[in-house]
Amino acid sequence: MEGGTASSVTIIILLPIFLPYPATPITQLPTIRLLHTVKFPLSDQLLMESSPPSSSPSSSPSMDRVNFRTQVLSRHLHHHPQTTDLLRTAPCLNYSPPELSNPPPNFDTKSLRKLLDGTSVEEIDYIFNLMIQSTLFCPRERGGKVFIAPDFNQSMEQQREMTVKRIEYLRDRGVFEGWFDKKGPEGDLWRFALAESVSVYDHSLGIKLGVHFFLWGGAIRFMGTKRHHDKWYKPTETYEVKGCFAMTELGHGSNVRGIETITRYDASTGEFIINTPCESAQKYWIGGAGNHATHTVVFSQLEINGVNEGVHAFIAQIRDENGNICPNVRIADCGHKIGLNGVDNGRIWFDNLRIPRENLLNSVADVSPDGQYLTEIKDPDQRFAAFLAPLTSGRVTIAASSMNTTKIGLAIAIRYSLSRRAFSIKPNEPEVLLLDYPSHQRRLLPLLAKTYALSFASNYLKMIYVNRTPQTIKTVHVVSSALKAVLTWHCMRTLQECREACGGQGIKTENHVGHLKSEYDVQLTFEGDNNVLMQQISKALLAEFLAAKKRNKPIRGLGLEHLNKPAPIIPTQLTSSTLRTTQFQTDIFCLRERDLLQRFVAEVSQLQAQGESKEHIFTVTYQTAEDLGRAFSDRLILQTYLDVEATVPAGSLKSVLGLMRSMYTTIVMEEDASFLRYGYLSTNNAAVVRKEVLNLCSELRPHALSLVSSLGIPDAFLAPIAFNWVEANAWSSI
């Protein structure tokens, strides 16, 4: 009360609570807990009653005050007319399908999906349907829809056995029939489509099949010759032989040339002897070796007559037909992992294991019966490059599967954001859809546009791989290194953002986005550490630049022809319309790549002039090398996008593609510090770029549902929160 008046009083209701351990002395005292507070207006009557009565001779003043307060509290708790209005019942939330509140597509979603999946749409959908139809793929009903996904509550051993059963199911339905017989680009694209499809269901299934068919089978196909094809093709296709790929060692991963396993030739018996000379030479992370593989391709140093001829590959049996480990072979399990527990990764030691001379994969080099080393490629570096060149398919499949995983995360998170609401902007109005908040659009829509751009680049990679020639091997190697790194980085970043955008629901395994992160994480170091790959790209660009300069001829290849033209001029003041032109987008991406290559050349040349070794130079210039690698990748991705866009006639689809292209280039400029670091953008222009991202988000928002629908991921492979998440979590669904 102030100035002798009062308008209300707050009553605090307290309850005594006794702690549950009476033996403890302090629990003899009651603990007071705040139960509720109620604020009442003070009427004149209450003010009159608020003075305690005079104490009677027979009562103490303290007891009178207690009785008075009890009476006041009792009257106003039981008789106050406004207490029933203090609590209001809010209406229950209901799920509303986003299709009801979003405009229908203004472009042909099937045409957009065909741009993503090309001629493989039918093959992909066929594999999807095979998996949806079988109980082996763990169908479950949630929220009125059926979803399929592995049961991750199973033990590691159970998950591994289920992976094998699913492979056998697909084999029995003829999925792998003709694996080695289908020739040419069409055959390769069919194999890629199959691998990508099974990975959409389960990454463990995709990896297990990839190791067997692409690594083991690919080594037989490309590193072997007719004698190997005749012997191993059929049992590999029927899964009678279960192959694995023993390259990585405990002590060596990316540095394949440094592996320590040693193989010597015994001319008296016509056998090779494979040995693990030390613990760091044990083969490590070998997919399939832990439980199921019967054979492996062993990568080893080959020593002939005391001379190390470098790394070669050999076929070795590690288990018999009953699953027993062979003599002179030791195998241990790698144990439980953060993901991919459906793959039985193992460790292998070879104790002077003898194999026939014919088990050397001899497409590049051979050993005669009397022990002579035979090869037409005399230079060890060229021989090593020729030996490993066919294995590029591993990076191609990793890049492609990363895009499918990214699509799953985005489809789930964006569909959820189109039906989940949070907070009202104005009183008595409905809560707002998550994707109607500009901040939520900024989190997800740039990632969606970038996923389309990177998917087109992945398709380009597949096409140059299946149409490769000896003259284009270098291009395939550089492009596969670039896209494997950029696409897998994008996948992990997108999954993290999708997990957060789904809130607590993103933590549940059944909703995929959180769990996919741990399942997919290994891809960032599979087939080469991404940071190492960025440096490899820069070395290749440096070599091309210096070779052209030495020849005094224009540079050709790797998309570097723009270096033969004058440097682009970037406007001093950017506008929204300028940012959306293909000319500006191409110019600034080419300017960045050109400048960083020149900086890299200058750094390397300066250190060479100081007498530094090549190894030291590339160690200390890694920052510029990584910036250059990203610049090359981004310019390549933009070019592949423009090539796809050029095939689409004018109309609504082309307009949407233009929006996504502008979003891709703008978000790259905003997020990559090199544009400010090296001065390609002024601080004022960087602010214009930042604002343009928000403009593009608002323009893409009406197309969000149509764009995720065009990704081609069947509903059964998504998650409950992508659809009726209320019913999926109802008591009746337990």
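This is a predicted model: local features need pLDDT of at least 70, side-chain atom pairs count only at pLDDT 80 or more; totals for chains, interfaces and linings use all residues.
Ile 286 stands opposite Gly 346, a residue of strand 12. Residues are numbered from 1 along each chain as its sequence is written, and side-chain values use heavy atoms, with hydrogens and water left out.

Strand 8 and strand 12 (residues 345–350) run antiparallel and are joined by three bridges. Strands here are DSSP runs of E with at least two residues, helices are runs of H or I with at least four, and both are numbered from the N terminus. Two strands count as paired if DSSP finds at least two bridges between them. The open sheet has three strands in the order 8-12-11, with antiparallel pairing. Strand 8 and strand 11 (329–333) are at its edges with a single partner strand each, so one side of each has no neighbour in the sheet. From one strand to the next, the twist averages 35°, where axes are lines fitted to C-alpha atoms (for helices, over the stretch in contact) and angles run from 0 to 180 degrees between N-to-C directions.

In an unreviewed UniProt entry, the annotation "binding site" covers Thr 248 and Gly 287. These two are spread over 40 residues of sequence, yet they cluster in space, with a largest C-alpha distance of 10.5 Å. UniProt positions follow the numbering used here, feature names are shortened, and annotations may be inferred rather than shown by experiment.

Gly 287 belongs to strand 8 (residues 283–287), while Thr 248 sits in the loop between strand 5 (243–246) and strand 6 (262–266). The table lists these two residues with Phe 128, which lies in helix 5 (residues 121–133). Buried means under 20% relative accessible area, exposed over 50%, and partly exposed in between, using a 1.4 Å probe and protein chains only.

| Residue | Relative accessible area and class |
|---|---|
| Thr 248 | 30%, partly exposed |
| Gly 287 | 11%, buried |
| Phe 128 | 3%, buried |

Now for their contacts, meaning heavy atoms within 4.5 Å. Leaving aside residues up to four places away in sequence, Thr 248 touches Gly 253, Gln 282, Lys 283, Tyr 284 and Ile 286. With neighbours within four places again set aside, Gly 287 is in contact with Val 211, Cys 244, Val 343, Asp 344 and Asn 345. Phe 128, counted in that way too, meets Ser 197, Val 200, Gly 712, Pro 714 and Phe 717.

Another pair of strands deserves a look. Strand 7 (residues 271–275) pairs with strand 13 in the antiparallel sense over four bridges, and Glu 271 has Pro 356 of strand 13 as its bridge partner.

Finally, the helices. Helix 20 (residues 652–671) is mostly covered, with 15 of its 20 residues buried.
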